Amino acid sequence: MRSAEMIELWRGGRPESLHRGHAVICDSKGVVEAWGIPDTVVFPRSSCKMVQALPLLESGAADSAGLTDRHLALACASHNGARLHLDAVRDWITGMGMGDDDLRCGSHLPRDKDEKRRLICSDESPCQMHNNCSGKHAGFLTLNRHLGGDADYIRPDHPVQMAMRQTFEEVTGETSPGFGIDGCSAPNFATSLRGLATAMARFANPGGDLRGQAMRRLVDAMRNHPALVAGEGRACTELMRAMKGRVAVKTGAEGVFVAIIPDLGLGCAVKITDGATRASEAAITAILVHLGVLEAQHPVMDRFLNGPITNWRGMVTGEMRTAAGFP
C-alpha cells in the first residue's frame, strides 16, 4: 500500500495538481481508520507541541511558576507574532527575570501583518519573541529553571530535551528512530503516523492520573484560547472556533496536522508527502467533517477546502476538492 490521493486542484474543468499523503485515526485501542500507510515515519514538527509541554506540567514546573491556561496555550502555539502573542510571551519571560537573550529559538519576521509592518516601517529587527515557537521555548525555560539545567536547553542531551524524548516515546508508544533539528533549533523526534495519532488519542481520552490531568489541561487551554495557538486567519484558530471548542487541532511544518477529539475519544494525524500546508489544512478539514465534528456547510469550509480559487483580479480560476475515496 502506498500514499493515498487526498487533495486535488482543478482548473478549466481539468485536474491540475494532486496532493498525496497518509492519515490515521486512532482511539485508545488502536487504528480506527487510515489512508495510505499508517506506519510511515514522520517528523511531527510543531504538531506535537502539546506533547512537548507535558513535562512542564508533570514536573510541577508549571504550577510552581503559577502558569495559567493562557501560558499553556502559548506553550502549544505556532503563533503569528501579533502583539497579543508578543506581549504575552514577554510578560512570561520577564516574570521569570529573563529576557530575549535567554531564548534559543532564533528570530524571524512575524506573520502578523500589523506587527510586520511596524517593524519594517520603524527599521526595527524582530526579536526571538517574534518567533512562532517562542511560547514553546518560554515553556522550555520554565522547565529548565525547575530542573536546574544549564542555559543551552536545546541540546539533545540536555535534561529538558531528555525529558521531551522520554515523554514523546511514552505517549506515542514507540521508540523514536531518531531526531532532526526543528526550525526553532530544538530536537524534533520522529515517530510513525500511527504513533502520532495514538498520542493524540491519549490526549482525547486521558486517565485520571497526573499525566491524564496534564493532558486535559493542555487540551482545554488550546480549545479555550484558539487565538493564542495560532492567530487570526490561521487554520488552527479558525477550525477550533468553528467547532466551538469541541476539538483541538494543531498544524506542523511540511504538511503535518493533528486533531484531538475528546467527544469521540479519537486522535488524528495527517502527513502530506509533498509538504504542502494548503493540502494538510484541506485534509484535516475533510476528516473533521467526515467524523461529524465540523459542519459540512460551515463558512470555514470555503477557506480551507471547498472555496473557489481566484486570481489577482478576483476571477474564479479553479477549485480544491477531495480525491475520490478520501476521506
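The structure is a predicted model, in which local features need pLDDT of at least 70 and side-chain atom pairs count only at pLDDT 80 or more, while totals for chains, interfaces and linings use all residues. Residues are numbered from 1 along each chain as its sequence is written, and side-chain values use heavy atoms, with hydrogens and water left out.

**The hairpin of β8 and β9**

Strands β8 (residues 248–252) and β9 (residues 256–261) pair in the antiparallel sense over five bridges, pairing being assigned if DSSP finds at least two bridges between two strands. Together β8 and β9 form a hairpin with three residues between them, and Glu254 in the turn has a positive phi of about 60 degrees. Five of the five residues of β8 are buried, a term for under 20% relative accessible area, as against exposed at over 50% and partly exposed in between (1.4 Å probe, protein chains only). In a regular strand the side chains alternate between the two faces of the sheet. In β8, Ala248, Lys250 and Gly252 point one way, whereas Val249 and Thr251 point the other way.

A pocket is found on a 1 Å grid over the protein atoms alone, as an open set of points where a 1.4 Å probe fits, with protein on both sides within 12 Å along at least five of seven lines, and its lining residues have an atom within 4 Å of a point. Grid points are joined across faces, edges and corners, and a volume is the space filled by probe spheres set on the points.

| Pocket | Volume | Lining residues nearest the centre |
|---|---|---|
| Largest | about 390 Å³ | Ser78, Asn132, Arg234, Thr251, Ala253 |

The elements that give two or more residues to the lining of the largest pocket are α12 (235–242), β8 and α13 (277–290). By class, this lining of the largest pocket has eight nonpolar, eleven polar and six charged residues, with Ala, Val, Leu, Ile, Met, Phe, Trp, Tyr, Cys and Pro counted as nonpolar, Asp, Glu, Lys and Arg as charged, and the others, Gly among them, as polar. For the second largest pocket, the lining divides into three nonpolar, four polar and seven charged residues, and α5 and α6 each supply at least two residues.

Helix α5 (residues 83–95) has 13 residues and reaches 17 Å from its first C-alpha to its last, close to the 18 Å expected, the expected span being 1.5 Å times one less than the number of residues. Its buried residues, His85, Leu86, Ala88, Val89, Trp92 and Ile93, pack against α4 (69–75), α6 (113–121), α7 (134–147) and α11 (226–229), with contact meaning heavy atoms within 4.5 Å. Just after α5, Gly97 takes a positive phi of about 75 degrees.

Helix α9 (residues 193–204) has end C-alpha atoms 16 Å apart, which agrees with the 16 Å that its twelve residues should span. Ten of the twelve residues of α9 are buried, so this helix is largely enclosed by the rest of the structure; among the buried ones are Leu193, Met200 and Phe203.

How values were computed. Helix = DSSP H or I, 4+ residues; strand = E, 2+ residues; numbered from the N terminus.
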